[in-house]
Amino acid sequence: MDTIHNPVQGDTVTFITTADESDGALTVLEIELVPGGGNAEHYHDGFTEHFEVMEGALAVHVDGRTRTLRRGDRTSVGRGVPHRFENTTDASVRFRVEMRPGHRGFEHMLRILYGLARDGELNDEGLPEKLLHSAVLASMSGTTHTETPTPVRWGLKLLGVLPPAQNAKSKLRARYVDQAAV
């Protein structure tokens, strides 16, 4: 198992099972989310997510409805369904996320994002300081942030397939993903 930490957001992700280890069947992550931690509303085109709380409480917002999960509680979010999660308590929450099928690009995005955080290359909101890095992460993760205006989303998608982004992607993978395999 491999664990990464984001010093900007304070959360920790442990890779339990990767897409490569499961022949693409699934990705399993264990996440420790600090009080106040969470993410923006988004959806995934390429996989379904299954959440299970191990310790603490996690608020999961799915399609405009909120459900608070506690130890042993589970919920699933289908492909293309807008959702987000957050820790609204005063204690950390530990939960598992299972993605089916597994998603190597999402795994790589996490390693790169957390590496950029470690190296001081994220802003206070936890976003890459370089637009090119945002485009690379958006293109590899299979994730669409619903709060990002549509023209910006299209711009990032376009930028993400251009040669400068492909060059940046290679460098970021060499720096943060390939190093994790060593």
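**Exercise 1. State which residues His42 contacts beyond its neighbours within four places in sequence.**

Solution. Beyond those neighbours, His42 touches Glu49, Val81, Pro82, His83, Arg84, Thr143, Thr144, His145 and Thr146; contact means heavy atoms within 4.5 Å. The model is predicted: local features need pLDDT of at least 70 and side-chain atom pairs pLDDT 80 or more, whereas totals for chains, interfaces and linings use all residues. Residues are numbered from 1 along each chain as its sequence is written, and side-chain values use heavy atoms, with hydrogens and water left out.

**Exercise 2. Determine whether His42 is buried or exposed, and identify a polar contact of its side chain.**

Solution. Step one: His42 belongs to strand S4; strands (E, at least two residues) and helices (H or I, at least four) are DSSP runs numbered from the N terminus. Step two: His42 is buried because its relative accessibility is 5%; buried means under 20% relative accessible area, exposed over 50%, and partly exposed in between (1.4 Å probe, protein chains only). Step three: the side chains of His42 and His44 form a polar contact of 3.3 Å. Such a contact is a pair of N or O atoms within 3.5 Å; within protein, one must be able to donate a hydrogen and the other to accept it, and residues adjacent in sequence count only if both atoms are side-chain atoms. Step four: a polar atom of the His42 side chain also lies 2.8 Å from the backbone oxygen of Ala40.

**Exercise 3. Describe the pairing of strands S6 and S7, and locate Asp63.**

Solution. Step one: S6 (residues 57-62) and S7 (residues 65-70) run antiparallel and are joined by 6 bridges; strands pair if DSSP finds at least two bridges between them. Step two: Ala59 has Thr68 in S7 as its bridge partner. Step three: Asp63 lies in the loop between S6 and S7, and this hairpin has 2 residues between the strands. Step four: Asp63 is not a glycine, yet its phi is positive, about 50°. Step five: Asp63 counts as exposed because its relative accessibility is 56%.

**Exercise 4. Identify the backbone features of Asp23 and of the bond between Arg100 and Pro101.**

Solution. Step one, the reference: most residues other than glycine have a negative phi, and most peptide bonds are trans. Step two: Asp23 has a positive phi near 55°. Asp23 is in the loop between strand S2 (12-17) and S3, and its relative accessible area of 75% makes it exposed. Step three: the peptide bond joining Arg100 and Pro101 is cis, with omega about -10°. Pro101 is in the loop between S10 and H1.
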